[in-house]
Amino acid sequence: MNKERVKLAIAPIGWTNDDMPELGKENTFQQCISEMALAGFTGCEVGSKYPRDPKILKPMLELRGMQICNAWFSTFFADDLQAKTIDEFTNHMNFLHAMGAKVIGCSEQSKSIQGTTKAVFEEKPYFTDVEWQRVADGYNALAKIAATKGMQVCLHHHMGTGIQTTEEIDRYMSMVNDDVYLLFDTGHAYVSEGSQEAMLAILEKYLPRINHIHLKDVRDEIVADVKNQKNAVSLMA
């Protein structure tokens, strides 16, 4: 493996869970990034406790030999909020660019049931043909904007959203331009599709267009309970 092409970073959600803030609420930002550095990581994503001013955040990371590799961004193209999404994306992109990141991981959150009590398998949202086209057009526009900064946009397929399953990933990737990439999430792919083989099939199919990966563990007994009880499921981002 060429280490110059593949770099391993860590997510701060392992210290404070942004979806369930009570988990790890006692851990400070300084503790988080210090322990990341002590563990040998040189990159990380952005959590809720991170200062968003590059003049403050960048020196604190540089002191520990670290930089930002990505940060979550929510898009709402299917909801026809293109102008608002692009405006907020531009600000987010400028922050990440100042922090030295090369990719911008986005999740289409129109109709999302994340953070609700809805059953994630039975009540996930679906997009109409019109909404699919809005998503594709929106991400094509984001990719062009990101290119002006030498950056790339990738979609984070996610449980509880309109782009969750293999079929939905396939449809999305077939509609967007080649300069739009995929954030491959092992956890969400495994939970959605139910097997390691199906998860790896996504990876193998889109490997040339994957520019960011989330590596995760999944507890099969918890997934089984969610399906049996028709509950919501809490997953790391």
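This is a predicted model: local features need pLDDT of at least 70, side-chain atom pairs count only at pLDDT 80 or more; totals for chains, interfaces and linings use all residues.
The secondary structure of the protein chain comes to 8 helices and 7 strands. Along the principal axes, the C-alpha trace extends over about 45 × 40 × 35 Å. The overall size can be set against a simple expectation: a compact globule of 237 residues would have a radius of gyration near 18 Å, and the value for this chain, 18 Å, agrees with it.

Two packed helices are described by the angle between their axes and the distance between the axes. For helix 1 (residues 29-38) and helix 2 (residues 54-62), the angle is about 35° and the axes lie 10 Å apart. The crossing of these two helices is right-handed. Helix 1 contributes Phe-29, Gln-30 and Ile-33 to the contact, while helix 2 contributes Leu-57, Met-60 and Leu-61. Sorted by class, the residues of this contact are 5 nonpolar and 1 polar, with no charged residues.

The largest cavity holds about 70 Å³ of space. Its lining includes Pro-12, Trp-15, Thr-16 and Asp-18, then Asn-27, Thr-28, Phe-29 and Cys-32, and finally Gly-47, Ser-48, Lys-49 and Tyr-50. By class, this lining divides into 5 nonpolar, 5 polar and 2 charged residues.

Asp-80 has a phi near 65°, a positive value in a residue other than glycine. This residue sits in the loop that runs between strand 3 (73-75) and helix 3 (82-98). Lys-111 is not a glycine either, yet its phi is positive, at about 65°. Lys-111 belongs to the loop between strand 4 (103-108) and helix 4 (129-147).

Methods
Residues are numbered from 1 along each chain as its sequence is written. Side-chain values use heavy atoms; hydrogens and water are left out. Axes are lines fitted to C-alpha atoms, for helices over the stretch in contact, and angles run from 0 to 180 degrees between N-to-C directions. Helices (H or I, at least four residues) and strands (E, at least two) are DSSP runs, numbered from the N terminus. A crossing is left-handed if the near helix is turned anticlockwise from the far one by less than a right angle, and right-handed if clockwise. Contact means heavy atoms within 4.5 Å. Ala, Val, Leu, Ile, Met, Phe, Trp, Tyr, Cys and Pro count as nonpolar, Asp, Glu, Lys and Arg as charged, and the others, Gly among them, as polar. On a 1 Å grid over the protein atoms alone, a cavity is a set of points where a 1.4 Å probe fits but cannot get out, and a pocket is an open set with protein on both sides within 12 Å along at least five of seven lines; lining residues have an atom within 4 Å of a point. Grid points are joined across faces, edges and corners, and a volume is the space filled by probe spheres set on the points. The radius of gyration is taken over C-alpha atoms; the globule rule is 2.2 Å times the number of residues to the power 0.38.
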